[in-house]
Amino acid sequence: MSYRAFFGAILALGLIGFVQAAPLPPVPPSVTEAGMLRAGVRCDQPPYGYQDSNGDFAGVEVEMSRQIADWALGSRDKVSFTCVTAENRVPQLLGRKVDMLIATLGVTPERQRVIDFTIPYRWGASDVLVRKDSGIDTIAALRGKTLATLKGSVQAKWFEDYEPEVKTLRMNSAADALQTFRQGRADAYTHDAATLVVVTAHDDSVRLVGEPFQISDAAIGVRKNETQWRDYLSAAVTRMHEEHLFRPWVERLVPENIRSYYLSVFEEPRPEESH
């Protein structure tokens with residue numbers, strides 16, 4: 001049985017709490033010889049990956065990277081981080097700037113043609129942020145309007161495929177896209193629902209449309225033909241779930257008023273998409 005099938009069976013049966021952690025497979029020689037992991041992470045996507053007020057890397061995906069370094073190389077400190085964006089993360093991996101992407105990376109057919117993925121560690125959905133008084137209550141109501149999004153993001157591709165009547169402004173970073181929306185140059189802003197939940201928690205003038213779309217799995221990205229490394233990372237993801245590591249990371253990194261959403265994407269089955 002593949003790691004993906006094994007993990008799916010565990011989730012389906014609700015047995016994560018009762019499965020004894022299996023030993024991890026051997027660490028690839030290339031990893032042990034290097035002595036240091038290089039992880040591509042997001043720097044503008046709290047709580048998954050960001051830099052805190054001291055400039056230090058933080059977030060659930062950063063914690064995942066450190067845990068992998070601990071298991072593979074014996075120390076949480078044996079990992080270096082590179083900030084990646086939605087647009088440049090796959091090129092950074094293919095260009096061998098990093099050894100793995102733990103960077104809010106959704107599994108899509110387009111990406112699967114050029115890189116490999118581990119089993120998923122969470123699911124994610126997208127939503128749309130609008131002003132409370134905008135009158136925009138559905139995705140269909142965005143037709144003819146302007147939507148801020150990120151270059152190279154799954155949200156940009158989704159609107160291109162399913163809602164071509166919506167004009168998109170594709171920005172380089174989440175901060176740029178949000179600023180474009182706040183300055184009134186866009187009627188709405190689309191991103192991962194997890195990111196938008198954080199925005200609404202700090203800004204009473206905005207709300208979510210509440211029509212989740214582009215529901216997908218998030219997984220670790222690796223280069224093609226690095227099967228042993230991919231399988232090691234898949235086993236590491238399975239062990240993280242078996243040992244319930246995601247809950248304490250979320251509880252430490254996410255404010256209580258929005259914590260339930262993040263716990264659900266790591267611990268509950270992926271919902272069905274209506275579109």
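Predicted model: local features only at pLDDT ≥ 70, side-chain atom pairs only at ≥ 80, totals over all residues.
Reader: How many residues line the largest pocket, and which lie nearest its centre?

Author: The lining has 25 residues. Nearest the centre are Thr108, Glu110, Val154, Lys157 and Gln214.

Reader: What is the split into nonpolar, polar and charged for that lining?

Author: It divides into 10 charged, 9 nonpolar and 6 polar residues.

Reader: Switching to domains. How is the chain divided?

Author: Into two parts. Domain 1 covers 33-124 + 217-267, and domain 2 covers 125-214.

Reader: Where does the pocket draw its lining from, in domain terms?

Author: From both. Domain 1 and domain 2 each contribute at least three residues to the lining of the largest pocket.

Reader: How many residues of each domain are in contact with the other? And what separates the C-alpha centres?

Author: On the contact side, 20 residues of domain 1 meet 20 residues of domain 2. The C-alpha centres of the two domains lie 24 Å apart.

Reader: New topic: Glu61. Which helix is it in? Buried or exposed?

Author: Glu61 sits in helix H3, residues 60-73. Its relative accessible area is 0%, so it counts as buried, the cut-off being under 20%.

Reader: What is Glu61 in contact with, leaving aside neighbours within four places in sequence?

Author: Tyr48, Gly49, Ile102, Ala103, Thr104, Tyr121 and Arg122.

Reader: And how are Glu61 and Trp249 placed?

Author: They are 188 residues apart along the chain, yet their C-alpha atoms are separated by 9.4 Å.

Reader: On to Glu63. Why does it count as buried?

Author: Because its relative accessibility is 5%, and buried means under 20%. Glu63 is also found in helix H3.

Reader: What else does Glu63 touch, not counting residues up to four places away?

Author: Besides Arg252, Glu63 touches Arg76, Trp249 and Leu253. Trp249 is also the residue whose C-alpha lies 9.4 Å from that of Glu61.

Methods. Residues numbered from 1 in each chain as written. Heavy atoms only, no water. 1 Å grid on protein atoms, 1.4 Å probe; cavity = no way out; pocket = protein on both sides within 12 Å on 5 of 7 lines; lining within 4 Å. Nonpolar A, V, L, I, M, F, W, Y, C, P; charged D, E, K, R; others polar. Domains from an automatic or database assignment. Helix = DSSP H or I, 4+ residues; strand = E, 2+ residues; numbered from the N terminus. Buried < 20%, exposed > 50% of the residue type's maximum accessible area, 1.4 Å probe, protein only. Contact = heavy atoms within 4.5 Å.
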